[in-house]
Amino acid sequence: MEEDLVSSRLQPWMSSIRARPLAVVPHESVSANVDDVTHFGRRLTAWDAFYEQLTPGAFEGGAHEVWLADSLEILWETGNRSVWTAGSNRPGMVSLGIPVAAGGAGVYCGVPLHDGAVSWLPEGSEFEIYCRDRMDIVSATVSAAALQAFSAVASPALDAEVFRRPFIRLQPRQAAILRRALVEIIGAVRARPGLLEIAASRTAMCDCVMSSMLDALEPAQPRAASSLRPSVKAWIVRSARACVLDSPGDPIGVADLCRMLKVSRRSLQYAFEELTGIGAVQFLRNVRLNAVRRELHHLGRQPQEPIAAVAARWGFWHMPRFAAYYRALFDELPSETRARQGGNPGFDASRTAPDVALQRGFLADCG
């Protein structure tokens, strides 16, 4: 299901919202508890918006904004009352998000929301959202030029027209993946702000968000038969692995691989699935896990570096999921690997209980 949205539905007063100059500090994270709905939006740098509380009672909420780069922002807003908000994103920025959490209800630009909906807002566009009973909105806002450049490399078949018009699509799977990725990035950065200073972790987060956005933008279509020769598939897999291992300090993302190997995301995925039996993300994640394991063996007698720091250097920013991935592959926790080498594990964030979704067999592509 897809609904086109027409900005003329919005009220004439929308044009009176005053634009502030966009001044962003790269890699910044800001979180705040909110006890007055009018306080929402005051510190946001990617949006011009205002908020109104529409049901009685004391308001409790929160706003969490993370800038992964000077062109990529994630925002998560929550509240315990019905809220109406309106405004626009910044010129040059585009936004994709889940306006109301699963099970909620509301209206987005005059269109009723359903569970599993994702919304797309082109650059400088106006919006209005009504969240009934509670507010729970998470979104990613990125430079239009950056996303189009990412798409040109990773998804060249994506119609450029999709970037120009707002829409709502009912995509339960993509909505769940996108929401989970954005919320978990915010949670990870709040727990460990230093992650934003680690190039590998920041790049992995950006790649995760951009890839998830493209997945939501691309219309569903049946898989076409691969036209790649077996020798080409083997070259793709071998070259991708080499690229990841050769650049631990300059992390390689999906778009980087597509650009370096001159293949689309779909071709990359097909090559890995058909040659190795698993997807590209899982295969390359396992390559990185092996790299971490080698470092833990080496650092077993030099325990001063936390395991979490080693993992972050290889792009693992979500420590519980890293531990679950590691244990699933090697049948032991990272701390156990290090302890067997005679070192003291020290601080080990991987001791946190594995992610519930992972225990249920759902392996996300991010983190």
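Reply: Let us begin with burial along a helix. The model before us is predicted. A residue is called buried when its relative accessible area is under 20%. In helix H4 (residues 230-246), the buried residues are Lys 233, Ile 236, Val 237, Ser 239, Ala 240, Cys 243 and Val 244.

Me: How many residues does H4 have, and what distance does it reach from its first C-alpha to its last?

Reply: The general idea is to compare the end-to-end distance with the span expected at 1.5 Å a residue, taken over one less than the number of residues. H4 has 17 residues and reaches 24 Å between its first and last C-alpha atoms, close to the expected 24 Å. Helix H2 (residues 172-191) may be read in this way too: its 20 residues should span 28 Å, and its end C-alpha atoms are 28 Å apart, so the two values agree.

Me: How many of the residues of H2 are buried?

Reply: Of the 20 residues in H2, 14 are buried, and the helix is mostly covered.

Me: Which strands pair with E10, and in which sense?

Reply: Pairing is read from the bridges between strands. E10 runs antiparallel to E7, to which three bridges join it. In this pairing Leu 96 stands opposite Trp 120. E10 also pairs with strand E13 (residues 167-170) in the antiparallel sense, over four bridges. There, Ala 117 has Leu 170 as its bridge partner.

Me: How many cavities of 30 Å³ or more are there, and how much space lies in the largest cavity?

Reply: A cavity is a space in which a probe fits but from which the probe cannot get out. The count of cavities of 30 Å³ or more is three, and the largest cavity holds about 210 Å³ of space. Its lining comprises 19 residues, of which Trp 47, Phe 127, Ile 129, Ile 137 and Ser 139 are the closest to the centre. The elements giving two or more residues to this lining are strands E3 (47-53), E5 (72-79), E7 (93-98), E10 (117-121), E11 (126-132) and E12 (135-143).

Me: Which element gives the most residues to the lining of the largest cavity, and how do the lining residues divide by class?

Reply: E7 gives the most, with four residues. By class, the lining of the largest cavity has 13 nonpolar residues, five polar and one charged.

Me: Where is Ser 139 placed, and is it buried or exposed?

Reply: Ser 139 lies in strand E12. The residue counts as buried because its relative accessibility is 8%. With neighbours within four places in sequence left aside, Ser 139 is in contact with Trp 47, Glu 73, Ile 74, Leu 75, Leu 96, Gly 97 and Leu 182.

Me: How much space lies in the second largest pocket, and which residues lie nearest its centre?

Reply: A pocket, by contrast with a cavity, is an open set of points. The second largest pocket contains about 290 Å³ of space. Its lining has 16 residues, with Phe 150, Thr 203, Cys 206, Asp 207 and Met 210 nearest the centre. Helices H1 (144-154), H3 (199-217) and H5 are the elements that give two or more residues to this lining. The lining of the second largest pocket has ten nonpolar, three polar and three charged residues.

Me: What is the phi of Lys 262, and where does this residue lie?

Reply: A backbone angle is read together with the residue type and its place. Lys 262 is not a glycine, although its phi is positive, at about 60°. The residue lies in the loop between helix H5 (254-261) and helix H6 (265-276). Lys 262 counts as exposed because its relative accessibility is 75%. Asp 331, also a residue other than glycine, has a positive phi near 60°. Asp 331 is in the loop between helix H9 (319-330) and helix H10 (334-340), and is exposed, with a relative accessible area of 68%.

Me: Is Pro 334 buried or exposed?

Reply: Pro 334, in helix H10, is buried, with a relative accessible area of 0%.

Technical notes
Residues are numbered from 1 along each chain as its sequence is written. This is a predicted model: local features need pLDDT of at least 70, side-chain atom pairs count only at pLDDT 80 or more; totals for chains, interfaces and linings use all residues. Side-chain values use heavy atoms; hydrogens and water are left out. On a 1 Å grid over the protein atoms alone, a cavity is a set of points where a 1.4 Å probe fits but cannot get out, and a pocket is an open set with protein on both sides within 12 Å along at least five of seven lines; lining residues have an atom within 4 Å of a point. Grid points are joined across faces, edges and corners, and a volume is the space filled by probe spheres set on the points. Ala, Val, Leu, Ile, Met, Phe, Trp, Tyr, Cys and Pro count as nonpolar, Asp, Glu, Lys and Arg as charged, and the others, Gly among them, as polar. Two strands pair if DSSP finds at least two bridges between them. Buried means under 20% relative accessible area, exposed over 50%, partly exposed in between (1.4 Å probe, protein chains only). Contact means heavy atoms within 4.5 Å.
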